[in-house]
Amino acid sequence: MKNELKTWVSGLPKAELHLHIEGSLEPELMMSLANKHGVELPYSSIEEVRAAYDFHNLQSFLDLYYLGASVLRVEDDFYQLMFAYLTKCRADNVVHAEIMFDPQTHTARGIGFEVFMPGFARAMKQAENEWGQSSLLIMSFLRHLSEESALQTLDDARHYLAMITAVGLDSAELGNPPEKFERVFAKAKSYGLKRVAHAGEEGPPEYIWGATKVLDVHRIDHGVRSIEDPDLIKHLVEKQIPLTVCPLSNTKLKVFKHMQEHNIIQLLEHGLLATINADDPSYFGGYLNDNYFALIDHLPITKPHLLQLVQNSFSASFLPEEVKQDWLAKIV
Ligand code: HPA
Ligand code: ZN
C-alpha cells in the first residue's frame, strides 16, 4: 500500500515552492569546487562531509550551509549548482520550481550579482529548452544581517529585477522578527516584487502574524508553529495564505523530534493551504519525492491528503492562473 502511494505520488506533476539553491549543493560538487578553487574545508572526504550533517537546531545547520557555499566562486559554479538541482526536478516530476537564493552569502565574499545571476539564468534556460522545465527566482535576505544590508542588496539587484519574481527572508529566525524588514519589503513591493518569508519554523506564531501583517507576504515558509494559535490558523485559512512545509528539514533541525510527530495532517485538516517542499535537500537527506515518502512512511496520511498537497503546490505558486489550471486538470 505504501509503495503504491509512493509510485503514484512520484508520477504526479508537482511544484516546489521552498528550495534554497545553496542548500542543494551536494558534497561531491562541494569537494570538486573546493579543489578547483583551492578552498580549504574542514573535511577530507565526502563521507566526512555527510557525517557532519548531524544538526541539533537551525543555527547548527546554518553554520555548515554558509561554509559549504564558500566554494561557489565563478559563474560556472552557479550554473552547475542550478543545473544539478533542475536535473533532480526532472527526475522527481517537479515541473515547476520557485527557487530561493541568498545574495548576501556571496556578495559578502566579493562575488556579485554579475557572477551568480548569469550562472542561474543559463541553467534555467537550458532546462527550459531541453525538457520544458519551468522555474523562477526568489531573492532572500539574511535576517541575521541588518536592514541596511538588505536595502543595499535590493539596490544591488536593480539591474536584475526582471529575473526575480519575489523576495524572501531566511537565516536565523529567533531574535530577528519580520518587523526588522518592514521598509525593505515595502520597497520590494513598490518594485512589483512578490513577497514570502520564513516564519514559525523555530520562531513563535507572533512572527507569522508579523510576516502577514507587516511584510504583506503571499506565503509563509514553514509556518508549522501556526498550530499554537487558533486565531492565526483562522486568519491563514480565511486569507488562504499558503504554508510551504518541509518535513525532512523539520525533523533534521529538531522542529519535530520524529516524523511521527509532524503536524502536516492537522494543518491540512484545519483547511490550511499547506504544501510539501525540500528546503535544503543535500543537507536534509532528500529531494521532493523523498519528503512525500517520509510522510507516507511515518504518518497515517491518505491518498486524498497527498492529492490535496500536490494540488496545493500549484495553487500556492506564482504561476499565471491559466497555467495553474492546466496543471491542476492533469492531477487526478
Ligand atoms: N530556515 C532558515 N534559513 C534557511 C533555511 C531554513 O530552513 N534554509 C536555508 N536558510
Ligand atoms: Zn528554508
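The model is predicted, so local features need pLDDT of at least 70, side-chain atom pairs count only at pLDDT 80 or more, and totals for chains, interfaces and linings use all residues. Residues are numbered from 1 along each chain as its sequence is written, and side-chain values use heavy atoms, with hydrogens and water left out.

Select phenylalanine 61 and phenylalanine 284. Rings of Phe, Tyr and Trp (its six-membered ring) pair if their centres lie within 6.5 Å, with planes under 30 degrees apart counted as stacked, over 60 as edge-to-face and the rest as tilted. Here the ring centres are 4.8 Å apart and the planes stand at 50 degrees, so the pair is tilted. Both phenylalanine 61 and phenylalanine 284 are buried, a term for under 20% relative accessible area (1.4 Å probe, protein chains only).

Then select phenylalanine 101 and phenylalanine 120, an edge-to-face pair with 5.6 Å from centre to centre and 65 degrees between the planes. Phenylalanine 101 is buried, with a relative accessible area of 0%, and phenylalanine 120 is buried, also at 0%.

In helix 16, Gln311, Phe314 and Ser315 meet Lys324, Trp327 and Leu328 of helix 17, contact meaning heavy atoms within 4.5 Å.

Methods. Chains are lettered from A and ligands numbered from 1 in the order in which they are written. Helices (H or I, at least four residues) and strands (E, at least two) are DSSP runs, numbered from the N terminus. Buried means under 20% relative accessible area, exposed over 50%, partly exposed in between (1.4 Å probe, protein chains only).
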